[in-house]
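The structure should be kept in view while reading.

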Amino acid sequence: MGRRGKIISSFVVAVFAILLVRLFWIQVIDDSYKRAAQNNVLRREVQYPPRGEVYDRNGELLVRSIPSYDLMAIPRDVGPFDTAALARIAGVTTEKLRAELEKASRYSRRRPSLIVKQISLEAKLLFDEGDYPGFYTVYRTMRSYPRKMAGNLLGYIGEVDAATVARDDYYQSGDYRGMSGIERTYEEVLRGEKGLTVSVVDVHGIKKGPYMEGMADVAPIPGTAITTALDGRLQALGEELMGDKVGSIIAIEPSTGEILVMVSSPGYDPDELVGRDRGNNYMELLRNPRHPLFNRGVMSRYPPGSTFKLVNGLIALQEGVVSAYTRYPCHGGYTVGRGVKCHDHRSPVNIRQAVQMSCNSYFCHAFRNILDNPKYGGVKNAFDAWNEYVYSFGFGHSLDSDLAGELEGFVPTRGTYDRIYRGSWNSLTLVSLSIGQGELGCTPLQMANLAATIANRGYYYTPHIVKHIDGRDSIDTRFYEKHYTKVERRYFDMVVDGMYDAVHKDGGTGRMAYVKGLDICGKTGTAQNPHGKDHATFLCFAPKNDPKIAVSVYVEHGGFGGSIAAPIASLIVEEYLTDTISRQWLVDYVKNMKIDYPYYDRQQK
Amino acid sequence: MEKSGVDWGSVAIFFALMLLGWTNIYAAVFDETATGGFSFSTRYGSQLMWIGICVLAAVVIMKVDEIYYHIVAYPFYVFMLVVLLATLVIGTEVNGARSWLRFGGLSVQPAEFAKFATALALARCMSSYSFSMAGLRSRVYAIAIILTPMAVILLQNDAGSAMVFASFLMVLYREGFNGWWYVALGMVVFLFVFSFIWTPTLLLAAIIIICAVMEGVMNGGWIRIVRYIAGVALGSLAICMVWLAVSPATVDYYYSLLAASVLSLVAVGVYAWRNKLRNVLVCVGMFLGSLAFTGMIDTVFSHLQLHQQKRILDLLGVESDLQYWGYNVNQSKIAIGSGGMFGKGYLQGTQTKYDFVPEQSTDFIFCTVGEEWGFFGSVVVLGLFCWLILRLIKMGERQHEAFGRVYCYGVAGIFLFHVMVNVGMTIGLMPVIGIPLPLFSYGGSSLFAFTLLFFVAVKLDSRRRENGEL
């Protein structure tokens, strides 16, 4: 062979060598192609589990999962079908159905597309009877609320957003998750475990059969049912009493911290946020000027008003700056400085009478005694001590309940006033704190928790809505822990006596809450606010010895606490303790009481 | 004298490849859910029928006296040109190329047979007594024979089939074409590829070094070369410094290097001219040519069709769009790469079975080999092809007549080009050019044309002793 023949032969060998080296690289060395091949042919399809049910404390169903189906189609396989009949079944117009099909065709002729979301089981059965080639249904679950109440408490579910999908491996685009309320707090319990079927598909996504005879499939695990502490009957009564009044009712079982009632008014029918009208209804609720989607029970920050006198009284007793026998005069109010007005009642009063008659003057004296206590060597140090007491009652921080979106309220500190008054302030400057006004802000849950704390004479359990989770012996350990206040039990007894008198004795501010034989102890509050008429509030517990229920009622712009909040609270207590309502007239009185909300309604455009 | 000079070894390799090809077509179109038995309407059925026809054709070719191939070479060539032109007018358009003729149910791609006709005609031309590589007229004839069908096929918009005619460059080289032309061609390819990948400065530096090294190869004197390169580097550095001092904002390394090298070349050119150093002038010319060509590439590139641009950029790794242009190659690489050492087993390939690879029984048939037989199968198939091509070259070398030698080289070149480009394409070494893998890709025209090509070579080879004695 000549020189050129040899060169050509070498060239041929070189070409094949290069091809083989490259083949060796991608076939033997580089693994990425093997993984890519797996991803190509295996289709993983999620099997959605039914979501866990939610029950009330008596076993009544509050939230259930109902089967729902998505109508899908593969445009290529769609044969001639009765468009009108299918549109009727799916509950859409024929034009809409045609438009969706056309959209699906444009997306892909061979891949499945969603045509109609969330059709009912009945519709699905009708669909199965008909002949609709190329269409099929996929199982999803939908929520249904048989009692149609406690929307804010139970919450709603919605499609996950992209950020959640990116953050949490569990979710994929299009999944549902709890967006608010119990649905959100207990998402991980309720959602169950998604299942998986793995199929082999061809390049068009057409299934060719199960992968490894179905050995790789995982069955979905249904979500776990939750029994809440809520008393459905009581909740219904609370919502009925509130009507379209704006405010909140919270009832707690003091001996456990379980939340029996949680009304945020105005509320909404949770069923409105399910199904195909969800979007429209949601927007309507969002636009409502009274903010029905806002869970006032844990998210609002109200001035506590006179109910906070209980806290100041207890601190003063514990600090020894007043005793059971200390009496202060009151002639129309506290007269030092700009003064604090008071209503007409007998004078002078001791702690018990001051609580009974809600005397402003007494608590101004007591509060200033706390701050001017010489043992702290200065008002600022004394105020720090006062802060610590108030915090121990659960104010100024989130209670760490299991209610979604719970806020911390606000308790001013020395820093707050140093900023406002540029460091120059004294006990008189802050005197409005003595009667629960000023910078203080509390959630209704914190006020109900105060009622429970006083009922327990000095401690509280973290309020919680969960009572039992199926298949678990206990709920979260934090709900079994007693939180003691920094005030001793014996001082509580004095204040409780005053609260008893407020309901039972002439001159008491909470007389409207009186129910024979129930020994209700209560405290009214009338909170000034910059938006209009005073807020009405009332907190109480009953019976006096061995308390079973503690209630806090807050009615925005309801005026005097004793006239609207106290009746509502007493009706709740009566219904809970006796299962009957003896004063139907009071129910009618409360329901017929109309309150104007120019502040909210002005915002409506 | 032996009775038969048939190279049975090559024939055996040829049929082994044909059989392997058929089994892989079967795998590529295999559908386990399909019912019913064997049928000629399926691709593997139809291919089997073509194999039968090819065996018959092979027998006929072996029976025909080799003198007829000399005689029919030109008439057949002219006939094929007419058919190609006719196809341009009455052909059927497939994938944008008007390259198919349809007779009832039978579709023929004339370009496949044009290769055969050209190989014969080229052999005839280059074996004539008056032919001499040194003569300009002879070279023009030979090149015209190659370029004419190529041009018509390009007009059909079938760039892939047209490019196959480049394989005759191998024949021309064997018959005495100047090797420097091939170096120049290699340089063109190099510049084309790297002008997309490298920065202009780096490319310019590479050109300077290549030209200098080439000069070294021709004239020796390596120390001189090193000194020259160092001088240019220092010169450009100096220009850079001056530039930096004058106008720091506009300093440009490319133009510094360009200025240094061009200035040095003026000196080198004058020196070479005076001393009549022709080789140096060749290198200077090559340098200037390279510069001009690099400048031209952008212009030419912008005149290519969009899909060609995309494929080139995709192949060079400059741009990659896996869902669009890169889809074919990516899926093909996945199929082959997932085969591993020994493959997934016959009919077990998931990528090919479920149609992830496009055109998998035609242009991408090698995916089936790679996926189901793994690297082992790749070695066997490519080994057989390599062996066959080397045997064809050997066949050519042992011919006593130029006709047989040119023809055998032509066949070897066509096989090599097809295998190199087709397999290279499936593993991302070559742009996606739609040409079949010989004896593997589904399609009667291609199978039949390769049978003709190969068996005529075998026939010519089998008669070499008798002809040699003449």
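In chain A of this predicted model, strand β2 (residues 54–55) and strand β3 (residues 61–73) run antiparallel and are joined by two bridges. One pair in this arrangement sets A:Y55 opposite A:L61 of β3(A). The hairpin of β2(A) and β3(A) has five residues between the strands, and A:G59 takes a positive phi near 85 degrees there.

Strand β3(A) also pairs with other strands. Its pairing with strand β5 (residues 135–144) of chain A is antiparallel and comprises 10 bridges; within it, A:S65 stands opposite A:R143 of β5(A). A further antiparallel pairing, of five bridges, links β3(A) to strand β4 (residues 113–120) of chain A. There, A:M72 has A:L114 of β4(A) as its bridge partner.

Where in chain A does A:T93 lie? The residue is placed in the loop between α3 (83–90) and α4 (94–107) of chain A. Is A:T93 buried or exposed? With 12 other C-beta atoms within 10 Å, A:T93 is classed as exposed, because the cut-off for that class is 12 or fewer. The C-alpha atoms of A:T93 and A:T83 are 9.5 Å apart, for a separation of 10 residues in sequence.

Attention now turns to chain B. This chain has 19 helices and three strands. Of its 470 residues, 41% are buried. Among the contacts in chain B with a separation of 6 or more, 68% are between residues 24 or more positions apart.

The three strands of chain B form an open sheet in the order β1-β2-β3, with antiparallel pairing. Strands β1 (92–94) and β3 (106–108) stand at the edges, and each has a single partner strand, so one side of each is left without a neighbour in the sheet. From one strand to the next, the twist averages 45 degrees. Strand β2 (residues 97–103) of chain B is joined to β3(B) by three bridges, and these two strands run antiparallel. One of the residues involved is B:F103, whose bridge partner in β3(B) is B:L106.

The helices of chain B include a pair that can be described in detail. Helix α4 (residues 110–126) of chain B packs with α5(B) at an angle of about 170 degrees, and the two axes are 9 Å apart. On the side of α4(B), the contact is made by B:A111, B:A114, B:T118, B:A121, B:L122, B:C125 and B:M126. Helix α5(B) contributes B:Y141, B:A142, B:I145, B:I146, B:P149 and B:I153. By class, the contact of α4(B) with α5(B) has 12 nonpolar residues, one polar residue and no charged residues.

Helix α5(B), which spans residues 136–155, also holds B:I143. This residue has 15 other C-beta atoms within 10 Å and is partly exposed, because that count falls between the limits of 12 or fewer for exposed and 20 or more for buried residues. Between B:I143 and B:L169, which are 26 residues apart along the chain, the C-alpha separation is 9.3 Å.

The two chains also touch each other. Their contact takes 34 residues from chain B and 28 residues from chain A. On the side of chain B, the elements that give two or more residues are α7 (168–174), α14 (327–337), α15 (350–353), α16 (366–397) and α17 (402–426). Helix α16(B) gives the most, with 11 residues. The residues on this side of chain B divide into 20 nonpolar, 10 polar and four charged.

It remains to consider confidence. The model scores ipTM 0.85 and pTM 0.59. Chain A averages a pLDDT of 84, with 97% of the residues scoring at least 70. In chain B the mean pLDDT is 85, and 92% of the residues reach 70 or more. Among the elements of chain A, strand β9 (residues 207–210) has the lowest mean pLDDT, 70, and strand β15 (residues 459–461) has the highest, 92. Where pLDDT is low, the predicted coordinates should not be read in detail.

Definitions and conventions
Residues are numbered from 1 along each chain as its sequence is written. Chains are lettered from A and ligands numbered from 1 in the order in which they are written. This is a predicted model: local features need pLDDT of at least 70, side-chain atom pairs count only at pLDDT 80 or more; totals for chains, interfaces and linings use all residues. Helices (H or I, at least four residues) and strands (E, at least two) are DSSP runs, numbered from the N terminus. Two residues are in contact if their C-beta atoms, placed from the backbone, lie within 7 Å. Ala, Val, Leu, Ile, Met, Phe, Trp, Tyr, Cys and Pro count as nonpolar, Asp, Glu, Lys and Arg as charged, and the others, Gly among them, as polar. Axes are lines fitted to C-alpha atoms, for helices over the stretch in contact, and angles run from 0 to 180 degrees between N-to-C directions. Two strands pair if DSSP finds at least two bridges between them. pLDDT is the predictor's confidence in each residue, from 0 to 100.
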